[in-house]
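Please look over the sequence and the model below before reading on. The paragraphs that follow go from charged side chains to a strand and then to a helix.

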Amino acid sequence: MHNHTLRGPRAPEPDTTGSGARAVSADIPVVSRSYVGRIPVAEIPPEILEKQTGTARAYGVGEGRRPREHTMIKGIAITTVWVLDQDRAKEFYTDKLGLEVRTDMTMGGDKGMRWLTVGAQDQPDVELTLMVPGPPVMDAESGEALKALVSKGVLGAGVLSTDDIRRDYKTLKAKGVEFLQEPQVRPYGTEAILRDDSGNWFSLTERSERLDLDKDWGECVDPM
């Protein structure tokens, strides 16, 4: 958990012999797989990126990237946040977090499923659907099991971005939002951890311009 770098593949050097053979350089430190997804490529130090070659150069962990012309998925449009009560969640995400309602309708008639989505004003192409576990999305038994996990507070729903975390931390605290961690400086930026009205926790992060591996990664917050 505390070993935050891997030794990457040995990067090939340019051929200087004309034979087509490529020499091998010293090992290259690359960002750990543990932090892939939390750290944008743009924040990885240039000296690391410059030494990576091939399609896996971004993190040096071998996943690779498809050429842009072959990419079928263009991005994430909607993702689900499981909540215990949609009316209460709607109030929390709009009145406290400042998101806007995108859709609030019943699908399939008066007795159908309520489709409730919210999103950030500055990100019109991404929505969170606030969904209560249970039929018709899943069977009743699975729904009750998922509700128990949500209310227990073990589910992390994602990362919320901000351009001024200390301002937003004070504002949200004043509105009664529960924080599990006050703002802390990390290699990728400054991060606080908040919990929604159902029990889901979010990272609230003001990203730094670049990754600073000299800063402390800190301990994982126990949401319990």
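The structure holds ten salt bridges, a salt bridge being a side-chain nitrogen of Lys or Arg within 4 Å of a carboxyl oxygen of Asp or Glu. This is a predicted model, in which local features need pLDDT of at least 70 and side-chain atom pairs count only at pLDDT 80 or more, while totals for chains, interfaces and linings use all residues. Residues are numbered from 1 along each chain as its sequence is written, and side-chain values use heavy atoms, with hydrogens and water left out.

One of the salt bridges links lysine 147 to glutamate 144, with the closest N and O atoms 3.5 Å apart. These two residues are three residues apart in helix α3 (residues 140–152), so about one helical turn separates them; helices (H or I, at least four residues) and strands (E, at least two) are DSSP runs, numbered from the N terminus. An α-helix has 3.6 residues a turn, so residues three or four places apart point the same way. Lysine 147, at 25% relative accessibility, counts as partly exposed, and glutamate 144 is likewise partly exposed, with a relative accessible area of 49%; here buried means under 20% relative accessible area, exposed over 50%, and partly exposed in between, with a 1.4 Å probe and protein chains only.

Another salt bridge joins aspartate 163 and arginine 167, whose closest N and O atoms are 2.9 Å apart. In this pair aspartate 163 is exposed at a relative accessible area of 61%, whereas arginine 167 is partly exposed at 41%. Aspartate 212 and lysine 215 also meet through their side chains in a salt bridge, at 2.7 Å from N to O; aspartate 212 is partly exposed, with a relative accessible area of 25%, and lysine 215 is partly exposed as well, at 35%. Elsewhere, salt bridges that share partners join Asp87, Lys90, Asp104 and Arg114 into one network.

How many residues of strand β6 (residues 127–131) are buried? Five of its five residues are, and the strand is mostly covered. Glu127, Thr129 and Met131 point one way from β6, while Leu128 and Leu130 point the other way, and all are buried. Strand β3 (residues 78–82) pairs with β6 in the parallel sense over five bridges, pairing being assigned if DSSP finds at least two bridges between two strands. Within this pairing, valine 81 has leucine 130 of β6 as its bridge partner. Strand β5 (residues 113–119) runs antiparallel to β6 and is joined to β6 by two bridges, and leucine 128 in β6 is the bridge partner of valine 118.

To return to helix α3, its 13 residues should span 18 Å at 1.5 Å a residue, and its end C-alpha atoms are 18 Å apart, which agrees; the expected span is 1.5 Å times one less than the number of residues. The buried residues of α3 are Gly143, Leu146 and Val150. They cover an arc of only 70° around the axis, which means that they lie on the same side of α3, the arc being that of the directions from the helix axis to the C-beta atoms. These buried residues pack against β3, where contact means heavy atoms within 4.5 Å. The face of α3 turned away from its buried side carries the exposed residues Glu141 and Lys152. Just after α3, glycine 153 takes a positive phi of about 85°.
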